[in-house]
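Okay, everyone, thanks for coming.

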Amino acid sequence: MFLMFFTFAIFSGDSMTFEQLYYFQVVANLLNFTKAADVLYISQPTLSRHIAALENELGTRLLIRDNRQVALTTAGEILLEGSNTMLEQYSLIRQRIHQADAGISGELTVASMSLYYSELYNLFQQYHLRYPDVIFRLQFHDMGLFSEAVTSGKADVAIGYSMELTEETDEFEIIPLYQEHFVAFMSELHPYAKRRTLSMAELRDQHLLFLSQTRYAFVREIWEHANYEFFLSSSLHTTDSLDSIILQIRANPQAVTLLPQSAALENIRACAIVEISDLDSDYETVMVCKKGNRSPALHNFLEMVRDIYGDGPLHL
């Protein structure tokens, strides 16, 4: 009953305040107005006025005062018990609010492809150690679903390939992280597995696997930009899943695919990576967030990102 009444009193525009409750709590614990006024750094008449206002608000006496002592009434004992709980809760709420404003609590969601960047995962770990009270969520997404997570509000920040960004990037803050390119990826048993470089002409007659251009529109843009769009029309082996391509490469020693360098490095087990000598496929791995996102947790995260990548994208 007290909690219900107290909540009503605070939010209905009545005069009861946390300050008055705190003053009452000090007097009730010390049972001495002079000592309580000293502790509170206010005058005794000012303290008496606050207690009188609180009693007037509640319509009952809280303290029995005479020249020699101060004692709690039954109503005062009830109020003291309830005020202890409420003031503790209020203190915790204020602490949480200050922590959230400072970005040392709250939530941060990062949407990322599964990337082979040790600096990036070290960053995630350092952020968690520095801000242990922030709930850190790392969501993995496939290529082609890059900025959607940030645009829809499902993530505060997303990490993906620059080639996936549309021309409408004004709504994003973009931080380049890594500079990389496409490489030939094949089983370690493939005849070309020991080569250091290959030409696109040498790859043309291979059993080629590609990410589906219907789902990954940026794939066509890369090949068209490099004047190798014939690969898309000549290859019938397409899939909507990077994992499916990796499995097929490991199962078929004759198969070859072209992958982002980081994706190839992450899946290197039982496979080989060969550089392509005549393919202009440079791009960046970037981090994006929506402009205007005022999350303090995001602000602190981006400050750590800029400390690492502020001089420009790193090279693998």
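So, α6 passes α13 in a right-handed crossing, meaning the near helix is turned clockwise from the far one by less than a right angle. Before I go on: this is a predicted model, where local features need pLDDT of at least 70, side-chain atom pairs count only at pLDDT 80 or more, and totals for chains, interfaces and linings use all residues. Residues are numbered from 1 along each chain as its sequence is written, and side-chain values use heavy atoms, with hydrogens and water left out.

Back to our pair. The axes, lines fitted to C-alpha atoms over the stretch in contact, with angles from 0 to 180 degrees between N-to-C directions, come within 11 Å for α6 and α13 and cross at roughly 140°. That makes α6 and α13 oblique, since under 35 degrees is roughly parallel, over 145 roughly antiparallel, 65 to 115 roughly perpendicular, and the rest oblique.

Which residues of α6 are buried? Leu120, Leu123, Phe124 and Tyr127, where buried is under 20% relative accessible area with a 1.4 Å probe, protein chains only. They cover an arc of only 100° around the axis, so they sit on the same side of α6; the arc is taken from the directions from the helix axis to the C-beta atoms. Their cover includes β3, β4, β5, β6, β13 and α13, with contact meaning heavy atoms within 4.5 Å.

Last one: α3 and α4 pack at an angle of about 100°, axes 9 Å apart, and are therefore roughly perpendicular to each other.

How values were computed:
Buried < 20%, exposed > 50% of the residue type's maximum accessible area, 1.4 Å probe, protein only. Helix = DSSP H or I, 4+ residues; strand = E, 2+ residues; numbered from the N terminus.
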